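Colleague: I am new to this one. Could you walk me through it?

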Amino acid sequence: MGAYEFCPWAGTCSGSNNGGGHLPVGGLKIKQDQNQSFKEINIYPNPATNILNIKSESEIVSISLLNVQGQEVKRWNAKNELYIGDIPIGLYLLKINTTEGTEQVRIIKE
């Protein structure tokens with residue numbers, strides 16, 4: 001189960017566990033606490049127009065972008081910068097497969 005945090009102030013974010021850190025404005029930070037190990041995925045900006053950035057403490061294996069009907073719209077292999085400029089505006093689900101497991105995050109394409 002992950003906890004979600006939104007950072008509304010540039011340069012002022014810090015995590016509550018394990019050192020924290022800054023997350024750019026409009027980003028989403030996902031924390032996992034499984035078997036006493038802390039894993040973090042940062043996704044920004046959200047909402048996004050053309051580029052979506054992902055930073056993960058775990059190695060990214062693949063990423064899928066799903067529409068609200070659950071259909072796969074795009075797929076990437078182990079990337080940290082995703083081009084989404086060619087998809088329609090709307091709400092999507094980003095499914096991130098890492099070596100530690102899978103996380104799903106809602107993103108908005110502007």
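Modeller: First a term: strands are DSSP runs of E, at least two residues long, numbered from the N terminus. Leu-91, for instance, is found in strand S8. Keep in mind that this is a predicted model.

Colleague: Is Leu-91 buried, partly exposed or exposed, and what is its relative accessibility?
Modeller: Buried means under 20% relative accessible area, and exposed means over 50%. Leu-91 falls between those limits, so it counts as partly exposed, at 42%.

Colleague: Which residues form a nonpolar patch on the surface?
Modeller: Patch members need over 30% relative accessible area. Leu-91 is one of the members, and the patch has about 270 Å² of accessible area together. The residues are Val-68, Leu-91 and Ile-108.

Colleague: Leaving aside neighbours within four places in sequence, which residues is Leu-94 in contact with?
Modeller: Contact here means heavy atoms within 4.5 Å. With those neighbours left aside, the contacts of Leu-94 include Ser-64, Leu-65, Glu-103, Gln-104 and Val-105.

Colleague: What separates the C-alpha atoms of Ile-51 and Glu-81?
Modeller: Ile-51 is found in strand S4. Leaving aside neighbours within four places in sequence, Ile-51 is in contact with Pro-45, Glu-81, Leu-82, Tyr-83 and Ile-84. Ile-51 and Glu-81 are 30 residues apart along the chain, and their C-alpha atoms are separated by 6.6 Å.

Colleague: Which side chain makes a polar contact with the side chain of Asn-67?
Modeller: Asn-67 sits in the loop between S5 and strand S6 (72-77). Its relative accessible area is 17%, so Asn-67 is buried. At 2.8 Å, the polar contact partner is the side chain of Gln-71.

Colleague: Which residue forms a salt bridge with Lys-74?
Modeller: The count comes to 2 salt bridges. One of them joins Arg-75 and Glu-72, with the closest N and O atoms 3.2 Å apart. For Lys-74, the closest N and O atoms are 3.0 Å apart, and the partner is Asp-86.

Colleague: How many residues apart in sequence are the parts that the Lys-74 and Asp-86 pair ties together?
Modeller: Lys-74 lies in strand S6, while Asp-86 lies in the loop between strand S7 (81-83) and S8. The pair therefore ties together parts whose separation in sequence is 12 residues.

Conventions: Residues are numbered from 1 along each chain as its sequence is written. This is a predicted model: local features need pLDDT of at least 70, side-chain atom pairs count only at pLDDT 80 or more; totals for chains, interfaces and linings use all residues. Side-chain values use heavy atoms; hydrogens and water are left out. Patches are made of residues with over 30% relative accessible area and no salt bridge: like charges are joined within 9 Å, nonpolar side chains (Val, Leu, Ile, Met, Phe, Trp, Tyr) within 5 Å. Accessible areas come from the Shrake-Rupley method with a 1.4 Å probe; for residues, only the protein chains shown count as cover. A salt bridge is a side-chain nitrogen of Lys or Arg within 4 Å of a carboxyl oxygen of Asp or Glu. Helices (H or I, at least four residues) and strands (E, at least two) are DSSP runs, numbered from the N terminus. Buried means under 20% relative accessible area, exposed over 50%, partly exposed in between (1.4 Å probe, protein chains only). A polar contact is a pair of N or O atoms within 3.5 Å; within protein, one must be able to donate a hydrogen and the other to accept it, and residues adjacent in sequence count only if both atoms are side-chain atoms.
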